[in-house]
Amino acid sequence: MQDEKRDIKSYTPEELSESFLAMGEKKFRATQVFEWLHKRAVKEFYEMTNLSAELRQTLSEQYHIITLREIKHLTSAQDGTIKFLFALPDDKVIESVFMKYKHGNSVCISSQAGCRMGCRFCASTLGGLERNLTASEMAEQIYRIEELTGEHVSNVVVMGTGEPMDNYDNLIRFLRLITAPEGKGMSIRNITVSTCGIVENIRRFAEEGLPVTLALSLHAPNDEARKRLMPVANRYSLKDVLAACDYYFEKTGRRISYEYSLVAGENDTEAEADALGKLLHGKNCHVNLIPVNPIKERNYRQSSFKNILNFRKRLEKYNINVTIRRELGADIGAACGQLRKSHLDSSGDREKNDRDGEM
Ligand code: SAH
């Protein structure tokens, strides 16, 4: 479209400065605008009161400020976790989660509307991929949650719906936006990006100078079991995925976090704990055991608590640092994409989603 306005909130400070200089504006004006967008998260140009009325008018003719609209939220009575369902500017729906921890507040954001990775136990992938999120849509999840809760968010995990490494350029741009000192100035150390293991992009990521914590969704100690749970394992062998993670650690010095969702009868035997122990022994890493969150579309069940504890004990024998993920918001459908999925099911998209979900 000819008169399409540009998404100003996706511009990095450098890009904004260049655009302003090209318009004949001073560079510091670009910094002011970046602050309004990323520090104060304003929704309209007229709110930028330290700019002239004329400049605000010009900006509103050339750019728009995208925002997310809250559709609903669910608050956990158990632990105060809040799940938000947001509408994107084109009315696609995503979910984000606000969690309180002792070390600060954390937000789990989505990187795509839907997902095409097809992990068998995951609700987010059932309807397939709708589209990538822009960098501004990723950042907005944090800014709107800060506004809606009145709380400061210090940590971000890119672990919601979507595969961040399948939306690579926007992920990088998003990380540059939220860490820019002119804006929210989030600490790179407080950010985690979780991936199902897209090898070439993990390697590229290691070179970006953005040393966030990388979480790798492992879920099985060998290729056969991994292929049963995660179609992406047909594309990349475990050996290549682990080598890419080692490379990430080498380049960034950040310890990898391996995610392992325990599914009864699928990946939770003692033999599998031993195989995992041998696989990771000697690596500077951390294993996060996640009791699988059953979704109604599949018959997967959680391992028993006894099995989970036993799995941890066996892993620890290999000198591996293990935690069991505390289930936050279990009473509000905490599994990835469950809230979004139930919203889509109930809003008439059901047929379409079921069709897209076939693999
Ligand atoms: N696509 C990325 C990030 C999104 S999923 C990835 O695969 O890592 C975040 C984590 O939750 C992943 O480890 C994923 O495998 C896991 N997960 C998804 N659905 C789950 C469920 N129902 N139960 C337990 N873990 C789940």
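**Stop 1: helices α6 and α8**

Select helix α6 (residues 199-206) and helix α8 (residues 238-252) in this predicted model. Their axes come within 9 Å and cross at roughly 5°. Axes here are lines fitted to C-alpha atoms, for helices over the stretch in contact, and angles run from 0 to 180 degrees between N-to-C directions. The two helices are therefore roughly parallel to each other. The classes are: under 35 degrees roughly parallel, over 145 roughly antiparallel, 65 to 115 roughly perpendicular, the rest oblique. Helices (H or I, at least four residues) and strands (E, at least two) are DSSP runs, numbered from the N terminus.

Now show the side chains. From α6, pick Val 199, Ile 202, Arg 203, Phe 205 and Ala 206. They meet a set of α8 residues that includes Asp 240, Val 241, Tyr 247, Tyr 248 and Lys 251. Contact means heavy atoms within 4.5 Å. By class, the contact of α6 with α8 has ten nonpolar, one polar and three charged residues. Ala, Val, Leu, Ile, Met, Phe, Trp, Tyr, Cys and Pro count as nonpolar; Asp, Glu, Lys and Arg as charged; the others, Gly among them, as polar.

Some ground rules: residues are numbered from 1 along each chain as its sequence is written, side-chain values use heavy atoms, and hydrogens and water are left out. Local features need pLDDT of at least 70 and side-chain atom pairs count only at pLDDT 80 or more, while totals for chains, interfaces and linings use all residues.

**Stop 2: the ten-stranded sheet**

Switch to the strands. An open sheet of ten strands runs in the order β3-β4-β5-β6-β9-β10-β11-β12-β13-β14, with mixed pairing. Go to the edges: β3 (69-75) and β14 (321-324) each have a single partner strand, so one side of each is left without a neighbour in the sheet. The twist averages 20° from one strand to the next. Two strands pair if DSSP finds at least two bridges between them.

Move to strand β10 (residues 191-195). Five of its five residues are buried, so β10 is largely enclosed by the rest of the structure. Buried means under 20% relative accessible area, exposed over 50%, partly exposed in between (1.4 Å probe, protein chains only). Ile 191, Val 193 and Thr 195 point one way from β10; Thr 192 and Ser 194 point the other way.

β9 and β10 pair in the parallel sense over three bridges. Val 158 has Val 193 as its bridge partner in β10.

**Stop 3: Ser 217**

Select Ser 217, in strand β11 (residues 213-217). Is Ser 217 buried or exposed? Its relative accessibility is 13%, which counts as buried. Beyond residues up to four places away in sequence, Ser 217 touches Ser 194, Thr 195, Cys 196, Arg 226, Met 230 and Glu 259. Glu 259 is also the bridge partner of Ser 217 in β12. Three bridges join β11 to strand β12 (residues 256-262), and the two run parallel.

**Stop 4: Ile 178**

Pick Ile 178 in helix α5. Ile 178 is buried, at 0% relative accessible area. With neighbours within four places in sequence left aside, Ile 178 contacts Ala 139, Ile 142, Tyr 143, Lys 184, Gly 185, Met 186 and Ile 191.

**Stop 5: salt bridges**

How many salt bridges does the structure hold? There are 23. A salt bridge is a side-chain nitrogen of Lys or Arg within 4 Å of a carboxyl oxygen of Asp or Glu.

Start with Glu 15 and Arg 173, closest N and O atoms 2.6 Å apart. The pair links distant parts of the chain: Glu 15 in helix α1 (residues 13-22) and Arg 173 in helix α5 (residues 168-179), 158 residues apart. Glu 15 is partly exposed at 27%, and Arg 173 is partly exposed at 26%.

Next, Arg 340 and Glu 130, at 2.9 Å. Arg 340 lies in helix α11 (residues 338-346) and Glu 130 in strand β8 (residues 129-132), so the pair ties together parts 210 residues apart in sequence. Arg 340 is buried at 5%; Glu 130 is partly exposed at 27%.

Then take Lys 296 and Glu 297, at 3.1 Å, N to O. Lys 296 is exposed at 65%, while Glu 297 is partly exposed at 31%.

Finish with a network of salt bridges: select Lys 9, Lys 43, Glu 140, Arg 144 and Glu 147.
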